[in-house]
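User: Can you walk me through this model? I'd like the helices, the sheets and the aromatic contacts.

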Amino acid sequence: MQPQTIRKVVIAGGGTAGWMAAAALGRQLGSLLDITLVESEDIGTVGVGESTIPTARTFNALLGIDEAEFMRATQATFKLGISFENWGEVDDRYIHSFGQVGKSTWMGGFHHFWLQALAHGFGGDLGDYCLELKAAEAQRFYTGENGPLNYAYHLDAGLYGQFLRRMAEADGVRRVEGKIASVRQRETDGFVDALVMESGQVVEGDLFIDCTGFRGLLIEQTLKAGYEDWSHWLPTNSALAVQTRSTEPAVPYTRAIAHRAGWRWKIPLQHRVGNGLVYCSDHMSDDEAMTMLTSEIEGETLIPPRLIRYRTGRRRRTWDKNVVALGLSSGFVEPLESTSIHLIMIGVSRLMQLFPFGGISQATIDRYNRQADDELEKIRDFIILHYKVTERTDSTFWDQVRTMDIPDSLAHRIALFQESGHVFQAPGELFQVDSWLQVMLGQRIMPRTYHHMGRMMPPQQLKQALDDLKRNIAGTVSRLPQHQAFLDHYCAPAVSK
Ligand code: FAD
């Protein structure tokens, strides 16, 4: 049998990233590893990160988590998509849902039929052909055996961390509380071999996962892996986060409301609402941001607003020597499409798949980093799209992003859609054709032409097919329970038998 040289895993940091890594490794590979997590209550966590995408369900399933228990523990609500308001133009609104739009054929997307229908003078809104979108608008929801909807969660990130901690500790993960004072490296090759705590305790390891947040204590402060700055494409750099008491039933979608220098989020949980204002400090001062946020939020404020600064970009080497960066230490793209927790999840999944039991090789590191780079670049392009494709001219911020140069990869996608109506999902890409489509159309790009397969149907037949689809979706939605009522029922405390 091949000897195991990597056994001791040390996770530095106990935010969402740290405990997700600990829970996943503990559950999936626990008997082969010796896992320790180090965290400092004095330093605390970033404390935001409440909106997820459907892959969160895959992660929970991997860990064998019971959904109702998870939702009670994290005060979660269901999420069917994001309502984008004021993005294409002030007073515009569209929903980017997790659903599929219509029924596509091997030759091309459903939207080509819809564009043909528009040319005939019928067809209506594209959203009429998407179940999740119509359910979100109607605030209806259902899950369960054969549940029809693709969904994610809004959750309390702090409670999620505690939930995962209980799981991880039950699976044998050891927790060390205290501040890391220094990071010890081997003289021979610079590999990290221990964390030295302020208490003097030394935590030794073979592989280290850096989950220390923006500071990147191991990956950057120690190994100097470098950071690629993307703020010329995504110039927001500040966020004010605040929690308020709920004043209305929870809607099954996140709200992303653009303002003159960025956007504001509103995320309904069971026990409260998460709010935040994202802005670019070159175009809005902190005082102006605070005034805007406090004047626009509803309900009693539960804790004072907290200011968070960030720089959009990615770590040049996500895995360097024997340190793998996960979460904010690996890079950051603003939470407009709720992708950070997803990136932690696929990062830890990839690490488990490539786990270097027999020793760390450069080939493994390269494979890990190449995939991480690729995934994040595609997400980056999708986020830039929201800013670039706008008709807003009401502020210097929107003038800047509307006229900025964008990556060639994104420019190609926009031109392709504008000129031909074609949309594609690149290999390994998170966002599917339906996502690109909903955002591009939602932000007012109308393709100049499209695939003419719809012309092969007589107009009356096309109209009938679209009407049937629309009626089916509307009928299904009308039979779903209201989201808040379903949530109350689903999350009611389990009755002991
Ligand atoms: P942190 O939460 O910062 O945790 C760092 C950990 O390291 C802490 O436990 C800390 O104690 C520990 N630590 C640091 N230094 C030391 C030391 N010297 N000694 C000991 N311990 C140390 N993501 C989403 O998916 N959806 C969202 O809606 C979303 N919204 C966001 C909004 C904003 C404004 C921001 C900034 C981020 C948002 N994110 C969102 C991202 C999300 O918050 C993070 O991906 C997630 O919380 C993971 O954070 P982390 O664990 O990497 O870092």
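**Charges, helices, strands and rings**

Analyst: The charged end of R57 sits over the ring of Y151, 4.0 Å from its centre. Bear in mind that this is a predicted model.

User: Which residues share an aromatic cluster with Y151?

Analyst: F70, F78, F141, Y142, Y151, Y153, Y160, F163, F486 and Y490 form one cluster.

User: And what lies over the face of F122?

Analyst: K463 does, at 6.0 Å from the ring centre.

User: Switching to helices. How many residues of α8 are buried?

Analyst: 11 of its 14 residues are buried, so α8 is largely enclosed by the rest of the structure. Among the buried ones are I341, H342, R350 and M352. The helix covers residues 340-353 and reaches 20 Å from first C-alpha to last, close to the 20 Å expected.

User: What covers those buried residues?

Analyst: The cover includes helices α1 (16-29), α2 (55-62) and α9 (362-388). It also includes strands β11 (207-210), β19 (319-320) and β20 (323-325).

User: Tell me about β11. Which residues are buried on each side?

Analyst: L207 and I209 are buried on one side, F208 and D210 on the other.

User: Which strands does β11 pair with?

Analyst: β1 (residues 8-12) pairs with β11 in parallel over four bridges, and A12 stands opposite D210. β20 also runs parallel to β11, joined by three bridges. There, F208 stands opposite V323.

User: Now the seven-strand sheet. What is the strand order?

Analyst: The order is β5-β4-β14-β15-β16-β13-β17, in an open sheet with mixed pairing. β5 (93-97) and β17 (301-309) are the edges, each with a single partner strand, so one side of each has no neighbour in the sheet. The twist averages 15° from one strand to the next.

User: How do β15 and β16 run, parallel or antiparallel?

Analyst: Antiparallel, with seven bridges between them. W265 has G276 of β16 as its bridge partner.

User: Which helix lies across that sheet's β16?

Analyst: Helix α7 (residues 286-296) does, running at about 150° to β16. It also lies across β13, β14, β15 and β17.

User: Back to rings. How many aromatic pairs are there?

Analyst: The count comes to 28. In one of them, the Y310 and F332 ring centres are 4.9 Å apart with planes at 70°, so the pair is edge-to-face. Y310 is in the loop between β17 and β18 and F332 in β21, so the pair ties together parts 22 residues apart in sequence.

User: Are those two buried or exposed?

Analyst: Both Y310 and F332 are buried.

Methods:
Residues numbered from 1 in each chain as written. Predicted model: local features only at pLDDT ≥ 70, side-chain atom pairs only at ≥ 80, totals over all residues. Heavy atoms only, no water. Helix = DSSP H or I, 4+ residues; strand = E, 2+ residues; numbered from the N terminus. Expected span 1.5 Å × (residues − 1). Buried < 20%, exposed > 50% of the residue type's maximum accessible area, 1.4 Å probe, protein only. Contact = heavy atoms within 4.5 Å. Pairing = 2+ DSSP bridges. Axes fitted to C-alpha atoms, helices over the stretch in contact; angles between N-to-C directions. Phe/Tyr/Trp six-rings, centres within 6.5 Å; stacked < 30°, edge-to-face > 60°. Lys NZ or Arg CZ within 6 Å of the ring centre and 35° of its normal.
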